[in-house]
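Have the structure open as you read.

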Amino acid sequence: MAIEAASSLHRPIKIWTDSLSSLMAILNPKSYHSMVREIQTLLLSHKHIHLRWLKAHVGYLDNECADQLAKEAITKGDPFLLPKPLTYLKSEIKSAAISIWQDNWDNGETGRSTHDIVPRVSQKPVGWNREEIMFVTGHGPFPLHTFIASIFEHDNCSCGAKGDPIQYATKCRFTLSWHFQTPTVSLKLQWFKNILTSNLSRTRFRLLMSFIYDENNLIVEENN
């Protein structure tokens with residue numbers, strides 16, 4: 001509206017705004033938003049009009065007055081609604097989807113061990129390889145998992161202890177060459193994170209998982 005009003009004047013005009021996102025949209029020559037394209041056309045046709053940015057809420061009197069008038073216009077009558085730019089809509093949809101995803105992740109019944117290590121959902125991959133994923137989730141060649149999946153009739157390792165991932169990584173006598181220090185309950189999560197962020201620990205961990213696969217008949221006895 002300000003640009004249209006200024007187009008009839010024949011002297012240099014500066015229009016100030018505190019909306020940096022709007023200015024960036026107008027500067028984008030590839031924008032497909034109808035309002036942005038209309039503004040770009042007006043500015044090309046009226047080169048005496050210049051747009052400028054100023055910081056909001058830092059004491060510029062005219063800008064504060066414009067904000068107050070806009071608020072009064074909304075509260076006194078029907079608001080003047082502008083179509084949302086596509087980038088805004090994409091951002092809102094993405095934010096809503098991630099919020100739903102996070103809620104489902106926080107309140108789900110499965111994947112709790114993984115949730116403890118990675119409590120926040122993200123579109124960025126964690127960078128774990130196959131062996132590390134199986135270790136964290138427990139979905140690997142471990143007696144505890146095969147027992148739950150009804151593949152074996154018990155959940156014990158051949159050494160007599162419960163065959164879960166941490167048992168093989170810290171206590172099982174068959175995997176002694178690749179043992180890590182046994183974590184306390186309070187430091188269990190930090191223990192996992194230290195292994196998964198250290199290249200040396202990850203290498204040793206891959207060797208441990210390879211041994212468990214290659215010697216599965218040794219460390220898992222179906223009728224133990």
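Helix α7 (residues 130–137) packs against helix α11 (residues 199–214) at an angle of about 80 degrees, and their axes are 10 Å apart. An angle from 65 to 115 degrees counts as roughly perpendicular, so that's the label for α7 and α11. On the α7 side, the contact is made by Arg130, Glu131, Glu132, Met134 and Phe135. Helix α11 brings Arg202, Phe205, Arg206, Met209 and Tyr213 to that contact. Bear in mind that this is a predicted model.

Glu132 and Arg202 form a salt bridge, with the closest N and O atoms 2.6 Å apart. The pair ties together distant parts of the chain, with Glu132 in helix α7 and Arg202 in helix α11, 70 residues apart. A search of the whole structure turns up one salt bridge.

So are these two partners buried or exposed? Buried means under 20% relative accessible area, so Glu132 at 1% qualifies, and so does Arg202 at 18%.

| Residue | Relative accessible area | Class |
|---|---|---|
| Glu132 | 1% | buried |
| Arg202 | 18% | buried |
| Trp53 | 40% | partly exposed |

Now for that patch. Leu20, Met24, Leu27 and Trp53 make up a nonpolar patch on the surface, with about 450 Å² of accessible area together. Helix α2 (residues 20–27) gives the most to the patch, with three residues. Trp53 sits in strand β2 (residues 49–53).

Key:
Residues numbered from 1 in each chain as written. Predicted model: local features only at pLDDT ≥ 70, side-chain atom pairs only at ≥ 80, totals over all residues. Heavy atoms only, no water. Patch = residues over 30% accessible without salt bridge, like charges linked within 9 Å, V, L, I, M, F, W, Y side chains within 5 Å. Areas by Shrake-Rupley, 256 points an atom, 1.4 Å probe, with all protein chains shown as cover. Salt bridge = Lys/Arg side-chain N within 4 Å of Asp/Glu carboxyl O. Helix = DSSP H or I, 4+ residues; strand = E, 2+ residues; numbered from the N terminus. Buried < 20%, exposed > 50% of the residue type's maximum accessible area, 1.4 Å probe, protein only. Axes fitted to C-alpha atoms, helices over the stretch in contact; angles between N-to-C directions. Parallel < 35°, antiparallel > 145°, perpendicular 65-115°, else oblique. Contact = heavy atoms within 4.5 Å.
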